[in-house]
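Student: I'm new to this one. Please pick a single spot, look at it closely, and then show me what surrounds it.

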Amino acid sequence: MSETPRSGSDFLAETPERLFYLIYQVHRRREVRIEQELKGVGLPMAVWRSLLAVQRMEPCTMNELAKYTTLERSSLTRTLDQMEDQGMVTRTTPPHDRRQVLVALTPEGRAAYERGFAAIRDWNR
């Protein structure tokens with residue numbers, strides 16, 4: 001007996017993959033909305049992720065940032081270059097290990113974090 005093709009409304013109905021599909025859809029739609037809210041306060045998502053991670057782990061290394069921001073190392077470097085140019089972060093090399101780079105927020109970076117946090121908080125209400 002051949003199976004009848006499912007209509008569009010039955011897409012992934014009663015399959016194990018459905019739960020993961022729905023989780024992905026919710027996550028992606030939420031991320032798109034958050035990106036819109038952050039754009040309204042002048043923060044691209046890559047900058048927001050970096051601000052969030054640095055604020056929580058400050059000071060942090062580039063390796064820690066790459067791990068927690070889910071940004072590729074080259075993208076992270078470009079993002080931090082932009083943030084440093086805008087006065088949001090400082091990068092320093094500790095005297096005890098010149099291979100490391102430590103990233104910390106400046107007062108402007110803290111203000112940008114607060115703007116982003118307020119935008120997301122207000123949207124979530």
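Tutor: Let's start with threonine 79, which touches Ala46, Val47, Ser50 and Leu71, leaving out residues up to four places away in sequence. Touching, or contact, here means heavy atoms within 4.5 Å. Before going further, keep in mind that this is a predicted model, where local features need pLDDT of at least 70, side-chain atom pairs count only at pLDDT 80 or more, and totals for chains, interfaces and linings use all residues. Residues are numbered from 1 along each chain as its sequence is written, and side-chain values use heavy atoms, with hydrogens and water left out.

Threonine 79 sits in helix α4, residues 73-85. Helices (H or I, at least four residues) and strands (E, at least two) are DSSP runs, numbered from the N terminus. Threonine 79 counts as buried because its relative accessibility is 6%; the cut-offs are under 20% relative accessible area for buried, over 50% for exposed, and partly exposed in between, using a 1.4 Å probe and protein chains only.

Now follow those contacts over to helix α2, residues 45-57. From first C-alpha to last, the 13 residues of α2 reach 18 Å, close to the 18 Å expected at 1.5 Å a residue. That expected span is 1.5 Å times one less than the number of residues. Val47 and Ser50 are among the buried residues of α2, along with Met45, Trp48, Leu51, Ala53 and Val54. Those buried residues pack against α1, β1 (60-61), α3 (62-69), α4, β3 (102-105) and α5 (107-124).

Two of those partners deserve a visit. In strand β3 you'll find alanine 104, which counts as buried because its relative accessibility is 18%. Leaving aside neighbours within four places in sequence, alanine 104 is in contact with Val54, Glu58, Met88, Val89 and Thr90. Alanine 104 and methionine 88 are 16 residues apart in sequence, yet their C-alphas are 8.6 Å apart in space.

Helix α5 is the other partner: its 18 residues reach 26 Å from first C-alpha to last, close to the 26 Å expected at 1.5 Å a residue. Its buried residues are Gly109, Ala112, Tyr113, Gly116, Ala119 and Ile120. Seen down the axis of α5, they fall within an arc of 130°, so they line one face of the helix; the arc is that of the directions from the helix axis to the C-beta atoms. An α-helix has 3.6 residues a turn, so residues three or four places apart point the same way. The cover over the buried residues of α5 includes α1, α2 and β3.
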